[in-house]
Amino acid sequence: MPVLGGAVTFSRFHAEHARKPPSDLRRWVARALASNAFEPLDPKRAEEDRTAGFVELEDPDATEFASVLQGEHALFAFRVDSIKVRAAAVKAEVERWAATVTAEKGRPPAKREKAERREIVRQQLRQKAEPVSKVHDVSWNLESGQVAIWAASRKIVEEAAAAIEAAFEVRLHPVTPGAAAALAKVPERALLPTAELVGVGAVASAEVDRGEA
């Protein structure tokens with residue numbers, strides 16, 4: 001399994017194709033991944049605090065996807081970068097500025113002034129902040145259709161699954177007992193705990209034994 005780092009927890013899915021994949025799987029996979037390839041954050045764009053996309057498994061900075069196929073597996077990764085500015089740091093800077101203004105003008109700054117300064121400080125700290133990068137391995141057996149997303153966060157798993165569905169035009173069905181039963185149209189009553197499982201049978205048997213005694 002392609003666990004090169006990070007969480008060892010993974011979620012399994014089964015890929016259902018809307019149409020048969022082309023014969024040139026290497027090109028198909030590479031083009032699909034490139035359609036949602038990772039793009040680095042641009043600190044100059046104030047509205048961008050997070051970015052996500054596909055990268056190569058062995059090089060989280062590469063998006064060529066030339067060696068994505070390994071036998072029957074497509075091996076790649078889903079990278080998420082984010083910039084976070086600590087609220088406490090912003091507050092401390094604004095309070096220092098407010099103290100200076102109060103000393104110079106003999107009055108504390110107005111709410112509007114503080115709000116404007118708070119945004120200026122946030123952007124200044126954002127420019128200095130280093131993005132936090134997390135890379136999550138993905139393994140896809142193209143023959144069996146089984147997909148494994150190696151992430152502990154449910155949010156990341158759902159985001160990566162949605163990205164795979166959009167890029168490859170497939171549906172990913174969770175591989176869990178409940179999901180498998182639903183896919184197989186097993187009646188819900190057949191999944192209910194049996195009397196033996198919850199101990200009803202054992203209790204009844206004990207009562208019979210006591211009655212006979």
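The chain has seven helices and seven strands, with helices (H or I, at least four residues) and strands (E, at least two) taken as DSSP runs and numbered from the N terminus. Along the sequence, these elements follow the pattern β-α-β-β-β-α-α-β-β-α-β-α-α-α. The model is predicted: local features need pLDDT of at least 70, side-chain atom pairs count only at pLDDT 80 or more, and totals for chains, interfaces and linings use all residues. Residues are numbered from 1 along each chain as its sequence is written, and side-chain values use heavy atoms, with hydrogens and water left out.

Of the 213 residues in the chain, 31% are buried. Buried means under 20% relative accessible area, exposed means over 50%, and partly exposed lies in between (1.4 Å probe, protein chains only). Contact means heavy atoms within 4.5 Å. Among contacts in the chain with a separation of 6 or more, 70% are between residues 24 or more positions apart.

The largest nonpolar core has 31 residues. A nonpolar core is a set of buried Ala, Val, Leu, Ile, Met, Phe, Trp, Tyr and Cys residues joined through side-chain atoms within 4.5 Å. Those with the most contacts inside the largest core are F54, W140, V147, I149, I164 and F168. At least two residues of this core come from each of β1 (11-17), α1 (25-34), β4 (73-82), β5 (132-141), β6 (146-149), α4 (154-168) and β7. Helix α4 supplies the largest share, eight residues. I164 is in contact with F54, F76, V138, W140, V147, I149, E169, V170 and L172, leaving aside its neighbours within four places in sequence. Another core, of five residues, lies apart from the largest one; V55, L57, L75 and A77 are among its members.

Helix α1 has W28, V29, A30, A32 and L33 as its buried residues. These residues pack against β1, β2 (50-56), β3 (69-70), β4, β5 and α4.

Strand β7 spans residues 170-174 and includes H173. V170 lies in this strand too. V170 counts as buried because its relative accessibility is 5%. Not counting residues up to four places away in sequence, V170 touches E16, H17, W140, I164 and E165. The C-alpha atoms of V170 and A18 are separated by 5.9 Å, although the two residues are 152 residues apart along the chain.

H173 is buried because its relative accessible area is 18%. The side chain of H173 makes a polar contact with the side chain of E16 at 2.5 Å. A polar contact is a pair of N or O atoms within 3.5 Å; within protein, one must be able to donate a hydrogen and the other to accept it, and residues adjacent in sequence count only if both atoms are side-chain atoms. Besides E16, H173 is in contact with R12, F13 and H14, leaving aside its neighbours within four places in sequence. H173 and V147 are 26 residues apart along the chain, and their C-alpha atoms are separated by 9.4 Å.

Two packed helices are described by the angle between their axes and the distance between the axes. Helix α2 (residues 87-105) and helix α3 (residues 111-128) pack at an angle of about 135 degrees, with axes 9 Å apart. Axes are lines fitted to C-alpha atoms, for helices over the stretch in contact, and angles run from 0 to 180 degrees between N-to-C directions. The two helices, α2 and α3, are therefore oblique to each other. Angles under 35 degrees count as roughly parallel, over 145 as roughly antiparallel, 65 to 115 as roughly perpendicular and the rest as oblique. The contact involves A89, V90, E93, V94, W97 and K105 of α2, and E113, K114, R117, R118, V121, R122 and L125 of α3.

Most residues other than glycine have a negative phi. F65, not a glycine, has a positive phi of about 60 degrees. F65 lies in the loop between β2 and β3 and counts as buried at 2% relative accessibility. E169 is not a glycine either, and has a positive phi of about 55 degrees. E169 sits in the loop between α4 and β7. At 43% relative accessibility, E169 counts as partly exposed.
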